[in-house]
Amino acid sequence: MEADLRPHRSRYWLNAKAKAEDPAAFAAQVETVCTAYAYAPMLEALGCHVVSTDEMPGIQALERAAPTKPPRPGKVERREHEYIRHGTRSLIANFNVATGAALAPALGPTRTEADFAAHIARTIDTDPEAAWLFVTDQLNTHQSASLVRLVAERCGLTADLGVKGQAGVLRSMATRAAYLGDPTHRISFLYTPTHTSWLNQIALWFSILVRRVLKRGDFASLDALRERILAFVAYFNQTAHPFRWTYRGHPLCR
């Protein structure tokens, strides 16, 4: 064949609208995130933790209806097709860019504004006097009024925050994001462009969790799911190391 075409195959993809609408602004955002990753080891040494954070919602606690048959010579592992569903949990997790450790994971039934703010508070509590830079996406719960109040409280910022939906810092998502992204604050947030999950390092860690724990998991209860995930985090952190992030925000080839 003159062209290697396979019309019977297709796959989904997600267009990065920000890149199409304003390529220069998109490139600047991507480069800023990559620069934060590049300087993370130095910042860690200076007492500032660069942390990639996000949620993995709807993790199912599935119990196979029959025991899994282990692999034997000439035969692959066989898992029962039918399962018992015991419910779901949402994981909110951090990945320390400089050390590679998974930090302060939170597992619960929801991932609300309050859940995310509580998770950030617990993360900060692991080193209360340190500076923190959280790399995350632009989900509304990551730009919430609860998060603004938390940052103001922990940074000792006493200026009036205004009223949500009406005036001041709390007025809109844009004003809240600007406040949370203020680099002069000891605790700040760096937002990735819309539809660039590949730019958030915690997504790489989530893929490891899926392959090593969830994909072949057999969980008799929600507690069993929780215990297995937390045990994996503890195991992972014993030999944790940072990802070798080579992308710098510019095209990989010219």
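**Figure 1. Strand E1 in the predicted model is mostly covered.** Strand E1 spans residues 48-64. Of its 17 residues, 13 are buried, where buried stands for under 20% relative accessible area.

**Figure 2. Strand E1 pairs with strand E2 in the antiparallel sense.** Strand E2 is made of residues 83-96. The pairing of E1 and E2 runs over 11 bridges. One place to look is Ile59, which stands opposite Arg89 in E2.

**Figure 3. Strand E1 also pairs with strand E4, in the parallel sense.** Strand E4 covers residues 131-136, and five bridges join E1 and E4. Val50 has Leu133 of E4 as its bridge partner.

**Figure 4. Helices H3 and H4 pack with their axes 8 Å apart.** The angle between the axes and the distance between them are used to describe two packed helices. H3 consists of residues 113-125 and H4 of residues 145-155. Their packing angle is about 25°. Angles under 35 degrees count as roughly parallel, so H3 is roughly parallel to H4. The crossing of H3 past H4 is right-handed.

**Figure 5. Residues of H3 and H4 form the contact between the two helices.** H3 contributes Glu113, Phe116, Ala117, Ile120, Ala121, Ile124 and Asp125. From H4 come Ala145, Ser146, Leu147, Leu150 and Arg154. By type, the residues of this contact are eight nonpolar, one polar and three charged.

Methods. Residues numbered from 1 in each chain as written. Predicted model: local features only at pLDDT ≥ 70, side-chain atom pairs only at ≥ 80, totals over all residues. Heavy atoms only, no water. Axes fitted to C-alpha atoms, helices over the stretch in contact; angles between N-to-C directions. Helix = DSSP H or I, 4+ residues; strand = E, 2+ residues; numbered from the N terminus. Parallel < 35°, antiparallel > 145°, perpendicular 65-115°, else oblique. Left-handed = near helix turned anticlockwise from the far one by under 90°. Contact = heavy atoms within 4.5 Å. Nonpolar A, V, L, I, M, F, W, Y, C, P; charged D, E, K, R; others polar. Buried < 20%, exposed > 50% of the residue type's maximum accessible area, 1.4 Å probe, protein only. Pairing = 2+ DSSP bridges.
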